[in-house]
Amino acid sequence: MKIVTWNVNSLKVRLPQVIDWLMANQPDVLCLQETKLQDENFPLAEITAAGYQATYAGQKTYNGVALLSKQTGSEIVSAIPALDDQQKRVLAATYGDVRVICIYVPNGENVESEKYQYKLKWLVALNVWLQDELHKYPKLALLGDFNIAPEECDVHDPELWRGQVLFSQPEREAFHKLLKLGFVDSFRLFEQAEKSYTWWDYRMMAFRRNMGMRIDHILLSSDLAKACTACVIDKAARKFERPSDHAPVVVELAMQP
DNA sequence: ATGGCCTTTATCAAAGGA
């Protein structure tokens, strides 16, 4: 079973790339963030033509998440229970006995911003919800754009970013509290190249200079971690013409969907 | 080096992203 997360920064713009990527990589589930589409504008026909089903929760201009899958998902949830939030940032579905939760964590803007407080509050609500989900679904994958670089090695210049949004201590602690629930950062199950990142700013020739951060993650419950055989960042997608600023992250699980 | 790029919505600029 192959599961992927990709922040596409507009599904309208990136649709041809997404279709090509699906055809070439044949994932079982592709989690998308920042679709930036209202549900009535979702490009279902094109995705269906590529052999995929879709579940989506979108809004105008901002945010928006979707799950593209070969199988039909069930038990769909599109919000964190007990969090009053108008923003479309969560989508969960079950495929066989595997629970997939796609998240787009708030960016936070900067540590002085109200949006930063919203981000921390959002992460607490996520943590509370996941305690329940882990009990209900032992085979749980939590993946998406976390907007948090958990460790020094996940940041091209940790001194520059220390205390800044995406790498501040409270955010990193929130990430570690998710791990403590019983998740494993699948990327670190394997030996990886140094300076591996998932996001590079469009400016400053950041990609060419590899000035990036690893902020997109795939966390696996211990049952799924046991079955995980690979986790890779598809850096090639960041080299496409008119690319998203994020690269896809892929896990392989030794099980049938 | 304190802004540089990209997307959207809405005009010929502003907001948001990270």
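**Exercise 1. Work out how β3 and β4 pair, and where they sit in their sheet**.

Step 1. β3 and β4 run antiparallel to each other and share five bridges; strands here are DSSP runs of E, at least two residues long, and helices are runs of H or I of at least four, both numbered from the N terminus. Two strands pair if DSSP finds at least two bridges between them.

Step 2. Look across the pair: Ala 54 faces Leu 68 in β4.

Step 3. Zoom out to an open sheet of six strands, in the order β3-β4-β2-β1-β14-β13, with mixed pairing. β3 and β13 (228-233) have a single partner strand each, so one side of each lacks a neighbour in the sheet.

A quick note: this is a predicted model, where local features need pLDDT of at least 70, side-chain atom pairs need 80 or more, and totals for chains, interfaces and linings use all residues. Residues count from 1 along each chain as its sequence is written, while chains are lettered from A and ligands numbered from 1 in the order written.

**Exercise 2. Is Lys 36 buried or exposed**?

Step 1. Find Lys 36 in the loop between β2 (29-33) and α2 (44-49).

Step 2. Count its neighbours: Lys 36 has 21 C-beta neighbours inside 10 Å, so it's buried (20 or more other C-beta atoms within 10 Å; 12 or fewer is exposed, in between is partly exposed; C-beta atoms are placed from the backbone).

Step 3. Check the backbone: phi of Lys 36 is near 55°, a positive value in a non-glycine residue.
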